[in-house]
Amino acid sequence: VHLSDRERQVLALVAEGATDNEIALRLHLSVLTVAQYVREIRTRLDARSRAHAVALALRMGLLPGRLPPGQDP
């Protein structure tokens with residue numbers, strides 16, 4: 001699964017529990033733009049929810065500083 005740098009930034013903030021409003025403020029984006037990024041991330045990961053997207057991304061090693069399961073640093 002390929003995610004853009006911005007999508008990875010948004011996903012990392014979603015993983016921290018940030019709301020769309022909080023993400024918009026931190027990344028200097030509109031709330032609607034953030035919502036679109038979240039929808040696109042969920043679509044690309046085939047995730048049912050934000051939490052499911054985070055869980056899938058963790059398993060795939062898509063979040064910063066995380067390795068896929070079974071890989072040693």
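Glu-7 touches His-2, Tyr-37, Glu-40, Ile-41 and Arg-44, leaving out residues up to four places away in sequence, where contact means heavy atoms within 4.5 Å. Glu-7 lies in helix 1; helices (H or I, at least four residues) and strands (E, at least two) are DSSP runs, numbered from the N terminus. With a relative accessibility of 5%, Glu-7 counts as buried, given that buried means under 20% relative accessible area, exposed over 50%, and partly exposed in between (1.4 Å probe, protein chains only).

The model is predicted, and local features need pLDDT of at least 70, side-chain atom pairs count only at pLDDT 80 or more, and totals for chains, interfaces and linings use all residues. Residues are numbered from 1 along each chain as its sequence is written, and side-chain values use heavy atoms, with hydrogens and water left out.

The protein chain has four helices and zero strands, running α-α-α-α from the N terminus on. It has 73 residues, of which 34% count as buried. Of the contacts between residues at least 6 apart in sequence, 41% join residues at least 24 apart. The chain exposes about 4,700 Å², with carbon and sulfur atoms supplying 52% of this area; accessible areas come from the Shrake-Rupley method with a 1.4 Å probe, and for residues only the protein chains shown count as cover.

Glu-7 is listed among the buried residues of helix 1 together with Val-10, Leu-11, Ala-12, Leu-13 and Val-14. The cover over these buried residues includes helix 2, helix 3 and helix 4.

The interior comes next. In soluble globular proteins, nonpolar side chains tend to be buried together. Here the largest nonpolar core holds 21 residues, and Val-10, Leu-11, Ile-23 and Leu-45 touch the most other members; such a core is a set of buried Ala, Val, Leu, Ile, Met, Phe, Trp, Tyr and Cys residues joined through side-chain atoms within 4.5 Å. At least two residues of this core come from each of helix 1 (5-15), helix 2 (20-27), helix 3 (31-45) and helix 4 (50-60). Helix 1 gives the largest share, five residues. Leu-11 is in contact with Leu-3, Ile-41, Ala-53, Val-54, Ala-57 and Leu-63, once its neighbours within four places in sequence are set aside.

Two helix pairs can be described in detail. Two packed helices are described by the angle between their axes and the distance between the axes. Axes are lines fitted to C-alpha atoms, for helices over the stretch in contact, and angles run from 0 to 180 degrees between N-to-C directions. Helix 1 and helix 2 pack at about 130 degrees, with axes 10 Å apart. They are therefore oblique to each other, on a scale where angles under 35 degrees count as roughly parallel, over 145 as roughly antiparallel, 65 to 115 as roughly perpendicular and the rest as oblique. The crossing of helix 1 and helix 2 is right-handed; a crossing is left-handed if the near helix is turned anticlockwise from the far one by less than a right angle, and right-handed if clockwise. Arg-6, Gln-9, Val-10, Leu-13 and Val-14 of helix 1 make this contact with Ile-23, Arg-26 and Leu-27 of helix 2.

Helix 3 and helix 4 pack at an angle of about 55 degrees, and their axes are 10 Å apart. This pair is therefore oblique, and the crossing of helix 3 and helix 4 is left-handed. Helix 3 takes part through Val-38, Ile-41, Arg-42 and Leu-45, and helix 4 through Arg-50, Ala-53, Leu-56, Ala-57 and Met-60.

The connections between helices complete the picture. Just after helix 1, Gly-17 has a positive phi of about 95 degrees. His-28 is not a glycine, yet its phi is positive at about 60 degrees; His-28 sits in the loop between helix 2 and helix 3 and is exposed, with a relative accessible area of 73%. Ser-30 is found in the loop between helix 2 and helix 3 and counts as partly exposed at 38% relative accessibility. Ser-30 and Asp-20 are ten residues apart in sequence and 9.0 Å apart in space, C-alpha to C-alpha. In the loop between helix 3 and helix 4 lies Asp-46, which has a positive phi of about 55 degrees although it is not a glycine. Asp-46 counts as exposed, at 65% relative accessibility.
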